[in-house]
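Good morning, everyone, and thank you for making the time. Please have a look at the sequence and the structure first, and then I will walk you through a few places in the chain.

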Amino acid sequence: EYTLILVDGEPLIGRTAGTLNLSRVAVGNVQRVEIVKGPASALWGSDALAGVVNIITKQPQPGTTQTTGEVRARYGTNQTADLNASVSLRRQKLGATLFLNRFGTGGYSLRSAEAGPTVPPYHNYTAQSRLTYDLGPATRLSVSGRFFDEQQRSTYPLMLNGEATTIAERGQVRDVSLNPTLTHRFGPAWQATARLYYAGYRTRATYTYQADGQPYDQSFFNQGFLRPETQVEWRPAPAHTLTAGAGYQLETVEATRYEGRQRLHAPYLFAQHDWTPLPQLNLLLGARYDGHSQYAGQLSPKLSARYQARPWLAVRGSVGRGYRAPDFRQLYLNFTNPVAGYNVFGSREVAAQVARLAATGQLLTDPTTGQPAVDASLLARAGQLTAESSWALNLGLQLDPTDRLRLTLNGFRNELRNLIETTPVARRTNGQAVFTYYNVRAATTQGLEADASYQLRPALRLQAGYQLLVARDRQVVEQLQAGEVFRRDPATLATERVPLRDYGGLFNRSRHSANLRLFYDDTRRGLSGSLRGIYRGRFGFQDLNGNAILDADNEYVHGHVLWNLTLAKTWRQRYTLQAGCDNLLSYRDPEFLPTVPGRLLWLSVGVALGGGDR
């Protein structure tokens, strides 16, 4: 939820619970993926607190008049079928690409049949297109669009009033976007770009009793995003490139758990200077200011540098600030659990909703005052909810000691402030809590990264990577040092202080992670293959002893390794047969890792069309 996901430089919306489902992005049209680690709000704004992942799709190739295309089909375990077709053409001033995909799966279950499927069957369709047209020697118009539609049907058991019943679910996800862009070059030193980006995301879910088709429940979520932006680039000298721009961002949401239609809007300004004062030194300085309708404005500066100290040694470093704005859920959520009886209200809703509960006698009262027992200080802090922010420092080395070997080392430290958490502000007469969101925590993440690449043979390359990550809540560390945190021994039920050495840090973060990759690519014979191993060390899942921190072995998910194998043969650079196995050793953890389904076998065939025997 702290990483900004872009498709062709524009944000992918639809964070219904703070995170994104990346299966909405069909990989058959992906040309490359660019990654920026650490806070990157200087150019991209909110949600880039941890970094940016930019998924770049295929574009019309300049300098060619050929029409090319590809048809590919893949089938594998769990009745998974992936069919896609693409075509690209270039005719003088006109360029166009069209990509179509149909993906479907029978789903899978890691539990007993009575518990229902872990992932139910579903299918989706994706259509993506880009059109470019040269209006003149210095002017180009580009229009890209994307359409995604997914349908899902499933059934699952449910206990209602002590009786077993079966609920049928029918769900839909739809995601559309449109992005016209106009670029004009005013001579050799000036270039201007104007772009408009619109995206719409919606979900629908209908639940009925399977026995008689009567309605049980329904929900919906609609989000809209509109952003006009202009950008100017000026290159007064070969060593200087200045970029500046401005834009306006409007977001709207309507959902089952929100009161009415909610709107957020934010104008912004950004600037960047790319300077090469020496042939071996490059400096990049940028800053962005975001205004916002619901919280204080944010200034996000960033400075990065690269120095080529020796032909085989480069030094890199950066310092910058990032932020993440409170989302619609944290601002406007209005949710009551009808079974358990608790409430969760966004920071802009909680004061009015708590007053409503108090007026209707649904809150416990303070015996000394006879008034509803409401934590006024937390209620006030919730009303002042602001953006989470982070300052980050990165320092690294890139070494190329031989033509075959490349090493990259990097150290990083992130200081996070105003992290958003939930807290109870009152308690209902049924004993359940009333929750809201507020800024409370400060945290530190720091560590080391190492990557190595070695060319074993002309067609064989070995790569490896490792990361050490230490992520801690600073307030918890101070409490542990002061001896203020306790836990109960589950065997003896004795209460004891928690020593600092037992603190495992923030949940859902592995201290150790690594990867090992072996690539084979013989273009003359048309043979290729890869073996990839991904290790994730143990990580905290949830607090089980009631002290709200990670400090016991049974609160961790075990570390694991996933191995993936791929083999391919290409004939005449046109026909490709590919086979693979994901999760080769069939690792499973149904309780904590339900998205890992076990061993997956697949076979793929592809045919390249047009362009002759390239």
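This is a predicted model: local features need pLDDT of at least 70, side-chain atom pairs count only at pLDDT 80 or more; totals for chains, interfaces and linings use all residues.

**A buried pair, and other salt bridges**

Let me begin with Asp-551 and Arg-487, both of which are buried, a word I use for under 20% relative accessible area, with exposed meaning over 50% and partly exposed anything in between (1.4 Å probe, protein chains only). The side chains of these two residues meet in a salt bridge, with 3.3 Å from N to O, where a salt bridge is a side-chain nitrogen of Lys or Arg within 4 Å of a carboxyl oxygen of Asp or Glu. Asp-551 sits in the loop between β28 (539-540) and β29 (556-557), while Arg-487 belongs to strand β24 (residues 486-488), so the pair ties together parts that are 64 residues apart in sequence. Strands here are DSSP runs (E, at least two residues), numbered from the N terminus.

Residues are numbered from 1 along each chain as its sequence is written, and side-chain values use heavy atoms, with hydrogens and water left out.

How many salt bridges does the structure hold? There are 25, and one of them joins Asp-582 to Arg-74, with the closest N and O atoms 4.0 Å apart. Because Asp-582 lies in strand β31 and Arg-74 in strand β5 (residues 67-76), this pair ties together parts that are 508 residues apart in sequence. Arg-74 itself is partly exposed, at a relative accessible area of 33%.

Another salt bridge links Arg-140 and Asp-134, whose closest N and O atoms are 2.8 Å apart. Here Arg-140 counts as partly exposed, at 32% relative accessibility, whereas Asp-134 is buried at 17%.

Let me turn now to Asn-54, which is found in strand β4 (residues 51-57). Is Asn-54 buried or exposed? With a relative accessibility of 12%, Asn-54 counts as buried, and a polar atom of its side chain lies 3.0 Å from the backbone nitrogen of Gly-9.

Finally, consider Phe-507, in the loop between β25 (495-497) and β26 (512-522), which is partly exposed with a relative accessible area of 23%. Its C-alpha atom is separated by 9.2 Å from that of Arg-472, although the two residues are 35 apart along the chain.

Note on methods
Helices (H or I, at least four residues) and strands (E, at least two) are DSSP runs, numbered from the N terminus. A polar contact is a pair of N or O atoms within 3.5 Å; within protein, one must be able to donate a hydrogen and the other to accept it, and residues adjacent in sequence count only if both atoms are side-chain atoms.
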